[in-house]
Amino acid sequence: MCQYCLIQVCTSRFWFNYRHVANVLSVYRSVKRLGIPDSHIIMMLADDMACNARNPRPATVFNNAHEQINVYGDDVEVDYRGYEVTVENFVRLLMGRVPPNTPRSKRLLSDERSNILIYMTGHGGDGFLKFQDSEEITNIELADAFEQMWQKKRYHEIAFIMDTCQAVSMYQKFYSPNIVAIASSQVGEDSLSHHVDSSIGVYVIDRFTYYLLEFLEKIHPASQNTMDELFRVCPKRDCISTPGQRTDLFSRDLSTVLITEFFGSVRKVELVTRVVSVPSLRDLLTTVPGKKDDINEGVTLSNVFADQLPVAQMVQKGKQKEWHPPDGFILAFWALVLLVFFKTYAVAQFPPVAVVGNPGLNRSSMEIRFVVHIMIWHRFLRQMPFLVTSYDTHGYGTPILTRTYTKPSTLVLISPTSEG
């Protein structure tokens with residue numbers, strides 16, 4: 001179970017929403033720097049701007065026009081990508097009602113001792129947040145999901161941050177305890193972008209997130225900055241919109257809650273002055289049947305694993321080979337098809353055969369030395385005249401008869417010789 005968890009959600013697609021992806025990746029980079037590992041972070045990106053065809057610098061995402069820091073980096077782990085970012089998957093993630101085959105990286109492994117930071121950005125309205133311009137999650141649905149998390153003991157405290165238009169409306173329906181919420185704009189206000197990068201032609205970060213990151217860059221794991229300072233990171237003169245916050249559901253005084261309790265992984269350590277008794281090794285060892293529980297005898301405990309897969313049988317059995325036809329089977333099959341075709345149809349279509357030989361010889365006196373020269377399909381030569389040459393017996397190949405045929409037919413040319 002994770003004591004400090006982070007859920008980041010970018011709900012926008014398309015290139016012109018580049019800044020929303022940069023918002024999430026920037027917060028991701030900050031919390032990793034403060035000690036939260038990827039195993040405790042769940043990131044949902046509705047689009048991949050780093051691999052977008054319009055990106056002039058592939059595999060990069062920048063949150064500043066000077067392009068000093070590539071927030072995409074080389075160690076970003078995206079858990080829900082593209083069309084996986086849906087309202088259903090998000091709500092199932094919060095409540096822990098994911099399919100049994102869902103990997104650990106896509107599960108929120110939290111309990112009643114976990115502090116969870118939830119950061120969401122995208123396009124919103126009065127009481128809803130759009131997911132990929134195709135569906136919405138309402139503030140009532142989000143509030144009910146948090147209540148189920150509380151009933152199932154899936155969190156201790158939640159810090160909820162929303163950077164969208166009319167973001168305040170998303171936390172107005174919350175009723176579960178131990179939730180502190182911060183929003184970038186009031187109802188009826190837009191959450192504005194900060195600046196544009198002319199090299200890619202789009203805005204690269206929102207105003208509220210820009211000043212939030214400016215504040216987080218000054219935080220280190222040993223910082224004593226508290227959560228109430230977070231409310232002042234983006235005044236109206238900088239954000240243009242009016243940020244809001246809600247603290248009535250939170251049980252502690254925010255001036256005593258450290259920033260690193262949500263944005264970092266700093267564990268609380270209780271210092272005691274009394275002596276704590278620790279069980280001896282003898283008490284910790286498990287008694288092995290048939291042997292004395294004596295450390296001096298060097299008892300070795302064997303590990304016992306239950307419900308394992310039969311690995312040995314699987315390895316011995318091996319993978320079954322797929323059936324393939326014998327060598328030459330395909331060739332023999334098509335040869336059979338062609339044979340049946342010619343037997344039943346093609347032979348009947350052959351035209352009469354004209355045999356050309358020496359006119360002075362009887363047919364019985366011919367010896368056919370070269371029987372078939374060529375067979376001409378009559379359809380191809382329907383309009384083409386062709387030349388036939390006959391040879392005499394004693395002329396040693398001197399042509400004595402030349403005819404031109406225009407009637408479609410099939411020829412078998414033979415060369416005769418005399419008997420004596």
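**Entry 1: helix α1**

I started where helix α1 ends: G35 follows α1 and has a positive phi, near 115 degrees. A reminder to myself on names: helices (H or I, at least four residues) and strands (E, at least two) are DSSP runs, numbered from the N terminus. I also noted that this is a predicted model, where local features need pLDDT of at least 70, side-chain atom pairs count only at pLDDT 80 or more, and totals for chains, interfaces and linings use all residues. Residues are numbered from 1 along each chain as its sequence is written, and side-chain values use heavy atoms, with hydrogens and water left out.

Next I checked the length of α1 (residues 18-33).

Is α1 mostly covered or mostly uncovered? Mostly covered, since I found 13 of its 16 residues buried. Buried means under 20% relative accessible area, exposed over 50%, partly exposed in between (1.4 Å probe, protein chains only).

I picked S26 in α1 and saw that S26 is buried, at 3% relative accessible area. Leaving out residues up to four places away in sequence, S26 touches N63, V71, I205 and L213; contact means heavy atoms within 4.5 Å.

**Entry 2: α2 against α3**

I looked up how helix α2 (residues 87-95) and helix α3 (residues 139-151) pack: the angle is about 25 degrees and the axes are 8 Å apart. Axes are lines fitted to C-alpha atoms, for helices over the stretch in contact, and angles run from 0 to 180 degrees between N-to-C directions. α2 and α3 are therefore roughly parallel to each other (under 35 degrees; over 145 is roughly antiparallel, 65 to 115 roughly perpendicular, the rest oblique).

Which residues make the contact? From α2 I listed F90, V91, L94 and M95, and from α3 L142, A145, F146, Q148 and M149. The buried residues of α2 are V87, F90, V91, L93, L94 and M95. After α2 comes G96, with a positive phi near 80 degrees.

**Entry 3: two loop residues**

K153 sits in the loop between α3 and β8 (157-163), and its phi is positive, near 60 degrees, though K153 is not a glycine. Q166, in the loop between β8 and β9 (179-183), also isn't glycine and has a positive phi, near 55 degrees. Buried or exposed? K153 counts as exposed at 55%, while Q166 is buried at 18%.
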